[in-house]
Amino acid sequence: MGGSDTVVGWSAFATAILEVPVFLLLDRYLKKNSRTMLTWLTVICLLFSARWLLMSVAVSAIQVIFI
């Protein structure tokens, strides 16, 4: 895609930084029963799949960062 090492690094950094608060909030507010956990796991899997689908159609490195 023409992205430099710096752009790839920023993409990985943005992903990690944005995931940490979500994990902390889910740990704090999520009920500890198996039905709720399975529901959230399904939602997260669908979002993860959508992210990779969007990344597969991205045409520039900047789009990958925003995804």
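**Asking why: patch, pocket and salt bridge**

Me: What makes the nonpolar surface patch of about 360 Å²?

Reply: Four residues make this patch: Trp-40, Val-43, Ile-44 and Leu-47. Patch residues need over 30% relative accessible area and no salt bridge; nonpolar side chains (Val, Leu, Ile, Met, Phe, Trp, Tyr) are joined within 5 Å, like charges within 9 Å. Areas are Shrake-Rupley values with a 1.4 Å probe. This is a predicted model: local features need pLDDT of at least 70, side-chain atom pairs need 80 or more, and totals for chains, interfaces and linings use all residues. Residues are numbered from 1 along each chain as its sequence is written, and side-chain values use heavy atoms, without hydrogens and water.

Me: Why is Trp-40 called partly exposed?

Reply: Trp-40 has a relative accessible area of 37%. Buried means under 20%, exposed over 50%, and partly exposed lies in between. So Trp-40 is partly exposed. Trp-40 sits in helix H2 (a helix is a DSSP run of H or I, at least four residues).

Me: Why does Leu-30 count as buried?

Reply: The value for Leu-30 is 16% relative accessibility, so Leu-30 counts as buried. Leu-30 is in the loop between H1 and H2. From Leu-30 to Trp-40 there are ten residues in sequence and 9.0 Å in space, C-alpha to C-alpha.

Me: How do you know that Arg-51 and Glu-19 form a salt bridge?

Reply: Their side chains meet at 3.7 Å, N to O. The cut-off is a Lys or Arg side-chain nitrogen within 4 Å of an Asp or Glu carboxyl oxygen, so the pair qualifies. The whole structure has one salt bridge. Arg-51 is in helix H2 and Glu-19 in helix H1, so the pair ties together parts 32 residues apart in sequence. Glu-19 is partly exposed, at 32% relative accessibility.

Me: What lines the largest pocket?

Reply: A pocket is an open set of 1 Å grid points with protein on both sides within 12 Å along at least five of seven lines; lining residues have an atom within 4 Å of a point. Here 25 residues line the largest pocket. Nearest its centre are Thr-15, Glu-19, Phe-48, Arg-51 and Ile-67. Helices H1 (5-29), H2 and H3 each give two or more residues to this lining. H1 gives the largest share, ten residues. The lining holds 20 nonpolar, three polar and two charged residues. The volume of this pocket is about 700 Å³.

Me: Why is Leu-54 called partly exposed?

Reply: Leu-54 has a relative accessible area of 47%, so Leu-54 is partly exposed. Leu-54 lies in helix H2. Leu-54 and Ile-67 are 13 residues apart in sequence and 7.1 Å apart in space, C-alpha to C-alpha.

Me: Why does Ser-60 count as partly exposed?

Reply: Its relative accessibility is 26%, so Ser-60 counts as partly exposed. Ser-60 lies in the loop between helix H2 (34-57) and helix H3 (61-66). Ser-60 and Asp-27 are 33 residues apart in sequence and 34 Å apart in space, C-alpha to C-alpha.

Terms used: Buried means under 20% relative accessible area, exposed over 50%, partly exposed in between (1.4 Å probe, protein chains only). On a 1 Å grid over the protein atoms alone, a cavity is a set of points where a 1.4 Å probe fits but cannot get out, and a pocket is an open set with protein on both sides within 12 Å along at least five of seven lines; lining residues have an atom within 4 Å of a point. Grid points are joined across faces, edges and corners, and a volume is the space filled by probe spheres set on the points. Ala, Val, Leu, Ile, Met, Phe, Trp, Tyr, Cys and Pro count as nonpolar, Asp, Glu, Lys and Arg as charged, and the others, Gly among them, as polar.
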